[in-house]
Amino acid sequence: MAAAAALSERARPLASPNPGVGAIIVKNGVVIGRGWTQAGGRPHAEAVALAQAGEAACGATLYVTLEPCAHRSQRGPACADLTAGAGLARAVIGMCDPDPRTATLGAGKLRDAGIDTRILGWPAHMLGLAGHEVHLSQGRPHVTLKLAMSLDGCIAAASGESQWITGPAARAHTHRERARADAILVGGGTLRADNPRLDVRLDGLEERSPRRVALTSGDVPEGWTAIRSPQEIAALEGVRYLMVEGGEQTASAFLAAGLVDRMLIYRAPILLGDGLRAIGDAGRHTLDAAFAGGFALEDRRMLGSDTLEVYRPAALERPGMGDS
């Protein structure tokens, strides 16, 4: 399943707004078919893998990150029907599809066809499906907040000088993250002060540059989209993954609104003292509120001399008096 999830990454963002799904077919310990959702959303991952496996799929096992779709479309057949007719012996599904047109129905079709079907129930973010889940459950894009800061939490010197805090490896990783997003957002202050390009500067991925969005009540240049509040991200048509790279006020606004699903902190080994802060008032004014709106560390790695920390929301237990 982890290998299928890795394949699904190839679908982002080309398959958007369709979910990027990965599929692998295994027989006698050998991979005989693999696929991921193609550009524009079709064909689906299962269809690609089954076509590659051909008749050898009979008696094999399918590993697929998302429950095969059960609804028919003008763009192609339902994957549950294709899979049910392939003669598979077993199907292992990463998660049930939250889309009500498929939820449990796809797996039901496989079981009706005599396929031993198991749903693992992995978290959506582990399967590359966080944008799909957040869109269907909350009606908005999945939001990643990116912050590049010093050890003491500053994004710029007191003079406003900010290029560059982090080194080449960290900046390249940021561009890789941009290439996986449908849109990227900054605040109006950043737009007016820096006129940022917000493109992808990695060889071969330049065309993956995301749409540009500004959180502002003012005018924006041609090619940009303006929203007046974090909640308006729900109106960004076709956006399933949004990357926020704003300054202090923008970061604070999204955190205060509870709209950050993932946080990337690139931390440089420098001190900026009385510099510009990365995050201002995020609405946590008591310790209880701070722990209730806390974040759990998911990953930490070195990027050159910088450190990347990846966090996801998680209510934390407040330490007791005995811990002081």
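User: Hi! Which residues is serine 252 in contact with, leaving aside its neighbours within four places in sequence?

Analyst: Hello! In this predicted model, serine 252 is in contact with Ile279, Gly280, Asp281 and Ala282 once those neighbours are left aside.

User: Where does serine 252 lie, and is it buried or exposed?

Analyst: Serine 252 lies in helix 8, residues 248-256. Its relative accessible area is 6%, under the 20% cut-off, so serine 252 is buried.

User: Thanks. How is the protein chain divided?

Analyst: There is a domain 1, covering 1-130, and a domain 2, covering 140-313. Their C-alpha centres lie 33 Å apart.

User: And how many residues of each are in contact?

Analyst: Ten residues of domain 1 are in contact with eleven residues of domain 2.

User: What about glutamine 138, where does that one lie?

Analyst: Glutamine 138 lies in helix 5, which covers residues 130-138. With 48% relative accessibility, glutamine 138 counts as partly exposed. The side chain of glutamine 138 also makes a polar contact with the side chain of arginine 140, at 3.1 Å.

User: How far apart are glutamine 138 and alanine 234?

Analyst: In space they are 8.7 Å apart, C-alpha to C-alpha. In sequence, 96 residues separate glutamine 138 from alanine 234.

User: Changing topic: which residues does UniProt list for "binding site"?

Analyst: The unreviewed UniProt entry lists Ser162, Arg178, Leu198, Arg201 and Glu245 under that name.

User: Let's take arginine 178. Is it buried or exposed?

Analyst: Arginine 178 is buried, at a relative accessible area of 7%. Its place is in helix 6, residues 168-179.

User: And what is arginine 178 in contact with?

Analyst: Leaving aside neighbours within four places in sequence, the contacts of arginine 178 include Leu198, Arg201 and Glu245, which are also on the UniProt "binding site" list. Ile184, Asp199, Val200, Arg208, Pro210 and Met243 are in contact with arginine 178 too.

User: Where does arginine 201 lie?

Analyst: Arginine 201 lies in the loop between helix 7 (188-194) and strand 9 (211-215). At 38% relative accessibility, arginine 201 counts as partly exposed. Not counting residues up to four places away in sequence, arginine 201 touches His175 and Arg178.

User: OK, on to the nonpolar core. Which members of the largest one touch the most other members?

Analyst: Those are Ile25, Leu88 and Leu129, in a core of 28 residues. Among the elements that give two or more residues to this core are helix 1 (2-8), strand 1 (22-27), helix 2 (45-53) and helix 4 (105-112). Apart from this core lies another, of 25 residues, including Val244, Leu255, Leu259 and Ile265.

User: What does leucine 88 touch?

Analyst: Not counting residues up to four places away in sequence, leucine 88 touches Ile25, Ala57, Gly59, Ala60, Thr61, Leu62, Thr83 and Ile115.

User: Threonine 83 is on that list. Is threonine 83 buried or exposed?

Analyst: Threonine 83 counts as buried, at 0% relative accessibility. Threonine 83 is found in helix 3, and beyond its neighbours within four places in sequence it is in contact with Glu46, Leu50, Leu62, Leu88, Leu110 and Ile115.

User: Which residues of helix 2 are buried?

Analyst: Ala45, Glu46, Ala49, Leu50 and Ala53 are the buried residues of helix 2. They cover an arc of only 120° around the axis, so they sit on the same side of helix 2. They pack against strand 1, strand 2 (30-36), strand 3 and helix 3. Just after helix 2, glycine 54 has a positive phi of about 60°.

User: And why do the buried residues of helix 4 line one face?

Analyst: Gly106, Ala107 and Leu110 are buried in helix 4. Down the axis of helix 4, its buried residues fall within an arc of 95°, so they line one face of the helix. What covers them includes helix 3 (79-84), strand 4 and strand 5 (116-119).

User: What follows helix 4?

Analyst: Glycine 114 follows helix 4, with a positive phi near 85°.

User: Last one: which domain does UniProt list for residues 1-118?

Analyst: The unreviewed UniProt entry gives "domain: CMP/dCMP-type deaminase" for residues 1-118. In the model, that span is 25% helix and 24% strand, and its end C-alpha atoms lie 12 Å apart.

Definitions and conventions. Residues numbered from 1 in each chain as written. Predicted model: local features only at pLDDT ≥ 70, side-chain atom pairs only at ≥ 80, totals over all residues. Heavy atoms only, no water. Core = buried A, V, L, I, M, F, W, Y, C linked by side-chain atoms within 4.5 Å. Buried < 20%, exposed > 50% of the residue type's maximum accessible area, 1.4 Å probe, protein only. Helix = DSSP H or I, 4+ residues; strand = E, 2+ residues; numbered from the N terminus. Contact = heavy atoms within 4.5 Å. UniProt positions renumbered as here; feature names shortened; annotations may be inferred. Arc of directions from axis to C-beta. Polar contact = N/O pair within 3.5 Å; in protein donor to acceptor, adjacent residues only side chain to side chain. Domains from an automatic or database assignment.
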